[in-house]
Amino acid sequence: MSSHYSEPARGLRKSSDIITIAAGATPEALYQRTASGQNPRTVILRKVMAYNAVNATTLDIGTGLAPFVNIIPTIRLVNNMDNERTEDEIPEMEVGADLTVQTDVLGVMVQVEVEEIGS
Amino acid sequence: MPELYPFKPGPIERIVLPDQIVGVWVNKLYKFYRVVYIEGIPHSDPLEMDFGALAAAATTGITQLALLEMPNYEFGQFRGFVIDDIAASLWQGRSDGRHVLMNRNGRLTRDTDRRDPCGHTTEFYVHEDDYAYMDVLNPTAYALTQTRVAFFGFRYVLEDALDKYGKKYKWNPGKPDHNEPPAWTRVPATSHL
């Protein structure tokens, strides 16, 4: 899908590692923000890419491990399909925290692209 | 006559023309020179300083920018920007931080050249062996394999500036031997004020 995003970039584009979910229904680290400068940067989720060959499942992206808090609604992942969400399809949710992820089942592969805001 | 001066916003320009007089601020006084030659130093990979691999949240030691060393009777005018996601601090004199406020020093980050694309706020000057130094912070949560800062600008070849009697101009305000050129451009080559 082509992007119609016309607002100038506010920050730096970064990607998470490819995370393979280690345990079902258990939040784990997805993207650790840049926080060792004078001030920590904030993070906007821009793109999500997930691959699921284990079972139909849900994908939740949020912050925190205990408790885990969604920053966007749950995404349904169809079995044996790759799933992509580009920034046109993702609310511009800016958070001052690391991103975490959870799915119903283990073995789902997830990678996100974020925009980090701050100097 | 073009309007030329240090820290000029926009694409980098020479701060003087050949045959004009500069006063280079060194060791708390101005040394006066006549510019005899100017050469452009384009941004290119020989002008990139790579501080090497750096762990998450780590800072390098203060490292001389050996690539910006100037010979006698020359000074350089440089602007810089970082290539990797780092925060670079400039020092002139190992203990004199540049871009300095009362309580903070500005740094070069990936954000700097987005907000200041021409880099005029990063401009600095290196005169002879008054070396420039940098340290580099990795603010990210992951290790970096390269930590690069790039520079470009101009170099100025100098000769002693003499008055009409063949005597060197001398900065010594309030004293009888103070002998200041009628027109000259200030070059802030060190931060030690």
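**Exercise 1.** Work out why strand β5 (residues 57-63) of chain A counts as largely enclosed by the rest of the structure.

*Solution.* Start with the ground rules: this is a predicted model, where local features need pLDDT of at least 70, side-chain atom pairs count only at pLDDT 80 or more, and totals for chains, interfaces and linings use all residues. Residues are numbered from 1 along each chain as its sequence is written, while chains are lettered from A and ligands numbered from 1 in the order in which they are written.

Next, the burial test: a residue is buried if 20 or more other C-beta atoms lie within 10 Å of its own, exposed if 12 or fewer, and partly exposed in between, with C-beta atoms placed from the backbone. In β5(A), 5 of the 7 residues are buried, so the strand is largely enclosed. Strands here are DSSP runs of E, at least two residues long, numbered from the N terminus.

**Exercise 2.** Find which strands pair with β5(A), and in which sense.

*Solution.* Two strands pair if DSSP finds at least two bridges between them.

- Step 1: strand β7 (residues 75-77) of chain A pairs antiparallel with β5(A) over 3 bridges, and T57(A) sits opposite L77(A).
- Step 2: strand β10 (residues 99-103) of chain A is also antiparallel to β5(A), this time over 5 bridges; L59(A) faces T103(A) there.
- Step 3: strand β6 (residues 69-70) of chain A runs antiparallel to β5(A) with 2 bridges, and N70(A) is the bridge partner of G62(A).
- Step 4: look at the turn. β5(A) and β6(A) make a hairpin with 5 residues between them, and G64(A) in that turn has a positive phi of about 80 degrees.

**Exercise 3.** Which residues have the most contacts inside the largest nonpolar core?

*Solution.* A nonpolar core is a set of buried Ala, Val, Leu, Ile, Met, Phe, Trp, Tyr and Cys residues joined through C-beta atoms within 7 Å. The largest has 42 residues, and V24(B), F75(B), A88(B), V126(B) and M134(B) top the contact list. β8(B) gives the largest share, 5 residues. Another core, of 16 residues, lies apart from it and includes L45(A) and L77(A).

How values were computed: Helices (H or I, at least four residues) and strands (E, at least two) are DSSP runs, numbered from the N terminus.
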